[in-house]
Amino acid sequence: MSASPVYLDAATAAPLHPVARQALLAALDDGWADPGRLYTQARRARQLLDAAREATAQTLGVRADEISFTPSGTTAAHAAVLGGLAGRRRVGPALVHSAIEHSAVLHAAEQHVAAGGTATSVPVDRRGRLDLDGWSAAVRAPGVALAALIAASHEVGTRQPVAEAARECAEAGVPLFVDAAQVVGRAPVPAGWSVLTASAHKWGGPPGVGLLVVRKGTRWESPWPADERESGRTPGTLNLPAVVAAAASLRAAAADAAAEAARLAPLVDRIRARVAAEVPDVEVVGDPDDRLPHLVTFSCLYVDGEALLHALDRRGFAVSSGSSCTSSTLRPSHVLEAMGVLSHGNVRVSLHRETTETDVERFLAELPEVVARLRAEAGVVGL
């Protein structure tokens with residue numbers, strides 16, 4: 001009898017939280033009407049939407065009217081960047097961002113540049129941490145409308161110095177957008193930001209719900225055609241049952257976040273140590289200390305990344321990769337490139353509330369053999 005599958009890709013999408021499932025099923029019965037109408041079913045839908053917004057605001061420590069729900073984290077990131085730039089177009093055309101932002105942010109930056117704007121990419125060190133001196137100089141340049149910094153790397157887990165970067169932005173009079181997709185529901189978000197985004201399926205909510213938070217007093221203008229929904233910040237009808245489930249699961253995940261971090265961090269420490277010790281020619285990347293508690297990335301020399309992921313999948317392990325072979329871009333991960341680390345044979349392991357010590361031990365027991373077999377098939381022996 002084969003062992004049960006082990007899912008280790010929570011950084012892409014965490015398994016649906018039981019609270020999300022319960023809330024989703026209840027809201028499918030009770031929240032299908034348009035909350036913008038006036039009849040009884042619509043008023044009930046409006047109550048559910050208002051309650052979801054209020055619960056989310058309490059969890060994040062913001063005002064309810066600062067929150068908009070979007071169809072995805074990607075949509076929220078696009079709106080954060082393009083809306084932040086549009087709102088301050090009179091200041092200038094410049095965007096500043098780190099070199100390791102999520103592709104959603106970088107694609108929005110590309111569109112901005114194609115339309116005549118400018119974008120400055122600030123480098124990171126070998127551990128994936130922002131160059132604060134470079135950041136300070138970049139945000140103080142003339143014509144900077146917006147700065148964007150990911151809260152923690154989605155690929156290697158390194159936390160970014162958000163509070164320090166925010167202070168530099170404040171001194172320069174530049175609003176800061178923080179992509180908090182890997183942090184919300186797992187850890188407190190550092191202060192000092194003006195715009196924030198997150199994605200429900202990262203914390204165990206349903207897919208198809210993003211958060212866009214625009215602080216009061218921030219100059220922000222919707223990049224979309226006019227729409228009366230969600231304070232005009234995002235167009236279209238919300239998937240209200242999913243929004244309700246997202247809010248409920250966020251509250252549950254945040255309540256358990258400290259305990260989960262304390263449980264998962266030692267498991268990640270174990271993976272970092274054992275992979276480095278037991279697999280030859282491997283580089284464990286990212287900051288060894290100042291990092292997310294649930295995520296670890298390593299690169300194996302002399303191994304094809306796609307072949308490694310398929311081999312692990314056949315053993316029942318679902319993991320992710322930033323290597324060129326497993327992306328649609330046919331090039332190495334921009335994050336690993338920016339760090340200057342090995343990108344070949346790259347594996348990202350990210351744990352979640354259902355991950356057990358047994359799961360981790362099984363992965364660690366089987367990984368060295370999988371890597372050795374692939375190297376042997378490629379004619380690489382004697383390492």
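How many bridges join β3 to strand β4, and in which sense do the two strands run?

1. Five bridges join β3 to β4 (residues 118-122), and the two run parallel. Strands are DSSP runs of E with at least two residues, helices are runs of H or I with at least four, and both are numbered from the N terminus. Two strands pair if DSSP finds at least two bridges between them.

2. This is a predicted model, in which local features need pLDDT of at least 70 and side-chain atom pairs count only at pLDDT 80 or more, while totals for chains, interfaces and linings use all residues. Residues are numbered from 1 along each chain as its sequence is written, and side-chain values use heavy atoms, leaving out hydrogens and water.

3. β3 also pairs with strand β5 (residues 144-150), in the parallel sense over four bridges. Histidine 97 stands opposite serine 121 in β4, and its bridge partner in β5 is alanine 148.

4. Five of the five residues of β3 (residues 94-98) are buried, so the strand is largely enclosed by the rest of the structure. Buried means under 20% relative accessible area, exposed over 50%, and partly exposed in between (1.4 Å probe, protein chains only). Ala94, Val96 and Ser98 point one way, Leu95 and His97 the other. In a regular strand the side chains alternate between the two faces of the sheet.

5. Elsewhere, β9, β10 and β12 form an open sheet of three strands in the order β9-β10-β12, with antiparallel pairing. Its edge strands, β9 (282-285) and β12 (346-350), each pair on one side only.

6. Serine 350 lies in β12 and counts as buried, at 0% relative accessibility.
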